[in-house]
Amino acid sequence: MNSRIINTIPCLMFHLPNKQSMQIQMGRFFFFLSILCLLPLKPVVALPLHTNSRWIVDEDGARVKLACVNWPSHQEAAVAEGLSNHPVDLISKRIASLGFNCVRLTLPLFLAIDQSLASLTVRQSFQRLGLLESLAGFQANNPSMLDLPLTSAYQAVVSNLADNNMMVILDSHFSEPSFHDNGVFGDQHFNPDLWVKGLTRIATMFSGVPNVVGMSLRNELRCPNQNVKDWYRYMQKGAEAVHSANPDVLVIISGLSDGTDLSFLLNQQLELTFTGKSVLEMHWHGSRVGSAGETSNPNKVCGRVVDSIMRGGGVLLQQGWPLMFVSELGVDDNRHLNCFFGLAAELDFDWALWTVEETNGLMNWNSNFFQRISALQSPLQGPDVSRVRPHKIILHPSTGLCILRESLSEPLKLGPCTESEAWGYTPQKILIVKGTYFCLQAVGLGKPAKLSIICTQPGSNWEIISDSKMYLSTKLGDGTTVCLDVDSSSNIVTDACKCLGRDDMCDPGSQWFKVVDSTNITRRPILQIG
């Protein structure tokens, strides 16, 4: 049975003065409002999901952008992290309140095929590991789950996420419960036949569970023995097994080299008997750029990382493959986060951030971080452009805000991207407000940028420069080069371009902008199960 995700009109109740005249005047209004409260808007998402070229869509063909957070449940205890510190419903509500619409819930594959593990209760799992403090915390925060078998506890988390209108991607992370246990097909802990068997059982277990919308086959294949031939052979078997057991879910397929390499698909497609259900997965590891990432110029680092990602498989988006990125960036890693946010906006791919718990997990992230990612949680583009006006927005990745104009007499400012101007970027490199004669123009060093109708003057042609391709630069009448910048009051100004030289410790964040294609198709969908 299909489940629909509905946007409804919020209903308001007012306390009115007890006056007959007021009741007469307002009576018709509240009758009309009460009718609106009962009528849903057009369904935004109708499950299950499928793919249309590079887009993930619902049954009505509308884009569904997966904006996910990872919730680890694959480590030694084989229990979702954080449940010793918080009630499960509090974590689910926290995720939903921060604008995410899905959770990538990891698990060890042996939970489905090793009866001695699956039959353990949560209490027994903690006891066998000597995690008595965690046991006490779990009992205080989630007592109803403490004596459930591990598989039932995992299902309870999925069920609670459904209660909070969250979609779920099941991620076959490792074979055995551990912090580090991966490899490739045929390794000691990675028997391909057991893997297919486990995938089948997990897919079957969640068949008919509406909020389980996808299943990831394996996290970060890596080993000196990895090879493309085995990847094609076994990924085909795994994908077919999952689809056969649960044809409703998206089958999410990762590559080699820690999930960073899918480039071999440019030469040979993965042959599957089904269509419209496969999604590729790539990983972005800020911590694995290497020591040069911490000491090199941030523009060069960003350019190098983006180039590597595009060569590793990012270009598959342009060939019609849906592509989901899993980011393992720390929330204080501005050097890589701003670069990731810029590319995420430019390509408008689906994504999952790491992680709910651990040291710097979601429960500890601050509000500034969520403002930054809010612009990425809504779809910017989609498959149906026949009823929309293609345009561009100018995103400031460091804040997650976009350039807005409040009036012609006030300076341009940063504000919510949902309120952004519809910009155009002409072949002459002029940034115009679409539907007007106004263009963006620089006036001088340290001065506010302005809108002008004389777009042939110096300061009106904006080059996208640097290895990062994140600066908007122009020349003033005296030949001075300036870059778009943001002052302490969020006003858009122009100033000397910074961090373009050999200063490795410079932070270019205030001057990094991204001119992004947008069709402004819909708001981010809200999930309503049942």
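A nonpolar core is taken here as a set of buried Ala, Val, Leu, Ile, Met, Phe, Trp, Tyr and Cys residues joined through side-chain atoms within 4.5 Å, where buried means under 20% relative accessible area, exposed over 50%, and partly exposed in between (1.4 Å probe, protein chains only).

**Entry 1: basis.** I note that this is a predicted model, in which local features need pLDDT of at least 70 and side-chain atom pairs count only at pLDDT 80 or more, while totals for chains, interfaces and linings use all residues. Residues are numbered from 1 along each chain as its sequence is written, and side-chain values use heavy atoms, with hydrogens and water left out.

**Entry 2: cores.** I looked up the largest nonpolar core, which holds 107 residues, and found that Trp71, Leu83 and Trp231 touch the most other members. Helix α12 (residues 334–347) gives the most to this core, with 8 residues; helices (H or I, at least four residues) and strands (E, at least two) are DSSP runs, numbered from the N terminus. I also found a second, separate core of 21 residues, including Leu431, Leu472, Val482 and Val486. For context, nonpolar side chains tend to be buried together in soluble globular proteins.

**Entry 3: strand β9.** How many residues of strand β9 (residues 250–254) are buried? I find that 5 of its 5 residues are, so the strand is mostly covered. Leu250, Ile252 and Ser254 point one way from β9, whereas Val251 and Ile253 point the other way, and all are buried. In a regular strand the side chains alternate between the two faces of the sheet.

I then looked up the partners of β9, counting two strands as paired if DSSP finds at least two bridges between them. Strand β8 (residues 212–216) runs parallel to β9 and is joined to it by 3 bridges, with Gly214 standing opposite Leu250. Strand β10 (residues 278–284) also runs parallel to β9, joined through 4 bridges, and here Val251 stands opposite Ser278.

**Entry 4: an antiparallel sheet.** I traced an open sheet of 5 strands in the order β19-β24-β23-β22-β21, with antiparallel pairing. Because β19 (447–448) and β21 stand at the edges with a single partner strand each, one side of each is left without a neighbour in the sheet. The pairing of β19 with strand β24 (residues 492–495) is antiparallel over 2 bridges, and Lys447 has Thr494 as its bridge partner in β24.

**Entry 5: disulfides.** I count a disulfide as a pair of cysteine sulfur atoms within 2.5 Å, and the structure holds 6 disulfides; I followed up some of them.

In the link of Cys402 to Cys417, the S to S distance is 2.0 Å, and with 85° about the S-S bond it is right-handed. The pair links distant parts of the chain, 15 residues apart, with Cys402 in strand β14 (residues 401–404) and Cys417 in the loop between β15 (413–415) and β16 (423–425). Cys402 is buried because its relative accessible area is 0%, and Cys417 is buried because its value is 18%.

Cys439 and Cys455 form a disulfide with their sulfur atoms 2.2 Å apart. The torsion about their S-S bond is about -115°, so this disulfide is left-handed. Cys439 lies in strand β18 (residues 439–441) and Cys455 in the loop between β20 (450–452) and β21 (463–465), so the pair ties together parts that are 16 residues apart in sequence. Both Cys439 and Cys455 are buried.

For Cys499 and Cys506, the S to S distance is 1.8 Å, and the link is left-handed, with -60° about the S-S bond. Cys499 is buried at 5% relative accessible area, and Cys506 counts as buried at 14% relative accessibility.

**Entry 6: helix pairs.** I took axes as lines fitted to C-alpha atoms, for helices over the stretch in contact, with angles running from 0 to 180 degrees between N-to-C directions. Angles under 35 degrees count as roughly parallel, over 145 as roughly antiparallel, 65 to 115 as roughly perpendicular and the rest as oblique. A crossing is left-handed if the near helix is turned anticlockwise from the far one by less than a right angle, and right-handed if clockwise.

The axes of helix α2 (residues 88–97) and helix α7 (residues 150–163) come within 9 Å and cross at roughly 45°, and the two are therefore oblique to each other; their crossing is right-handed. The axes of helix α8 (residues 192–205) and helix α9 (residues 228–245) come within 8 Å and cross at roughly 25°, which makes α8 roughly parallel to α9. I record the passage of α8 by α9 as a right-handed crossing.
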